[in-house]
2 protein chains.
Amino acid sequence: MKLQFWFEFASTYSYPAAMRIQKAAAARGVEVGWRPFMLGPIFFAQQGMRDSPFKVVPVKGVYMWRDLERICEKHSIPFRRPHLFPQNGLMAARITTFLPQEQRPNFVKAVYQANFVHDRDISDPQILHAAARRAGLDPLEVMGTMNSEPIKEKLKKETSDAADRGIFGAPTFVTEDGELFWGNDRLDDALDWAVRGTLRPNSQN
Amino acid sequence: MKLQFWFEFASTYSYPAAMRIQKAAAARGVEVGWRPFMLGPIFFAQQGMRDSPFKVVPVKGVYMWRDLERICEKHSIPFRRPHLFPQNGLMAARITTFLPQEQRPNFVKAVYQANFVHDRDISDPQILHAAARRAGLDPLEVMGTMNSEPIKEKLKKETSDAADRGIFGAPTFVTEDGELFWGNDRLDDALDWAVRGTLRPNSQN
């Protein structure tokens with residue numbers, strides 16, 4: 001059984017999802033595909049939005065930061081509200097797109113931690129260099145892919161693939177039979193569906 | 001301990017919340033305040049939106065209907081996708097505003113069922129009349145309040161009160177210490193917070 005985990009580096013709720021998904025999936029024997037994509041073009045195409053919805057609608061932003069804080073506390077995930085929001089995750093997404101699946105989780109988590117724990121600018125090559133090193137990768141090899149034309153194209157293709165599947169936000173979990181589950185708070189439902197093809201009646205939500 | 005349940009009759013996710021909240025709250029000894037309000041003026045004031053976000057952004061609408069179907073199945077809540085969406089819940093909200101708290105749940109649930117089980121137009125006085133009767137109320141007394149000026153004012157006041165608390169969608173659960181939880185999928189978290197002032201670490205989300 002496989003679950004596709006579509007995430008965007010600028011997405012705040014993708015952070016707890018990225019930190020939680022490996023353990024939760026392993027507990028159910030579900031394999032995870034880590035799929036970075038860019039929400040910006042999707043927000044613009046679908047909603048004409050040129051910024052995060054949490055900036056466009058400030059009252060949603062106020063809620064989101066408090067909600068994220070509560071969620072991280074609940075799951076014992078370190079969290080410090082970053083000064084920079086939304087961040088530009090394009091380079092991080094390109095690097096991830098270049099990596100084989102097995103190398104993605106550690107790099108992705110290192111980038112999210114740079115953003116949401118250490119308050120760093122994740123578009124800064126030095127920060128990405130450090131994240132690659134922390135993930136056990138060869139920074140020089142990895143950094144060279146940031147401006148690779150085939151990788152740029154591959155990420156664009158992934159983004160249009162996400163839109164084609166009906167994705168409009170992040171994180172989104174997609175099961176093998178094509179069910180979409182939007183939001184960190186749907187991770188367990190998505191995993192249940194991946195295993196059983198239905199939702200567990202006695203779980204939350 | 002008390003939890004305020006802010007809902008809007010046109011809101012699809014308010015339906016499963018209304019059907020679930022009494023049992024879930026009773027199990028934790030939490031008292032529920034049923035608070036109807038109007039999302040239309042709030043959507044317009046905060047986002048300039050003149051229609052449901054599920055109509056304004058069709059891809060979100062496609063997701064929402066499938067998601068709602070799954071949620072209702074999971075909780076064994078009857079559901080039939082209504083032909084009319086979004087519905088005009090103004091009259092139903094006025095009637096509810098007139099009712100004392102103890103009479104609200106049965107009437108509110110009867111109206112939601114008219115919408116999401118029986119596919120009826122809940123702005124139709126005949127449908128509201130039937131819902132009132134089904135809820136054990138005196139339909140004549142109740143229907144007379146639909147155009148009462150004090151009730152109109154009271155509902156407007158409730159709506160501006162909702163906006164003042166930071167509410168931007170429905171359902172929203174508000175604890176006594178002012179924490180907001182948005183969405184049917186946060187009902188259990190909201191109840192946990194109402195009881196403990198924190199979230200249970202081993203629960204979902």
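Tutor: Strands here are DSSP runs of E, at least two residues long, and helices are runs of H or I of at least four, numbered from the N terminus. Keep in mind that this is a predicted model, where local features need pLDDT of at least 70, side-chain atom pairs count only at pLDDT 80 or more, and totals for chains, interfaces and linings use all residues. Residues are numbered from 1 along each chain as its sequence is written, chains are lettered from A and ligands numbered from 1 in the order in which they are written, and side-chain values use heavy atoms, leaving out hydrogens and water.

Now the sheet. In chain A, four strands make an open sheet, ordered β2-β1-β3-β4, with mixed pairing. Its edges are β2 (31-36) and β4 (180-182) of chain A; each has a single partner strand, so one side of each lacks a neighbour in the sheet. From one strand to the next, the twist averages 20°, with axes being lines fitted to C-alpha atoms and angles running from 0 to 180 degrees between N-to-C directions. Strand β1 (residues 2-7) of chain A pairs with β2(A) in the parallel sense, over six bridges. Within β2(A), E31(A) is the bridge partner of K2(A).

As for cysteines, C72(A) is buried at a relative accessible area of 1%, and C72(B) is buried at 1%; buried means under 20% relative accessible area (1.4 Å probe, protein chains only). Over all chains there are zero disulfides (cysteine sulfur pairs within 2.5 Å).

Definitions and conventions:
Buried means under 20% relative accessible area, exposed over 50%, partly exposed in between (1.4 Å probe, protein chains only). Two strands pair if DSSP finds at least two bridges between them.
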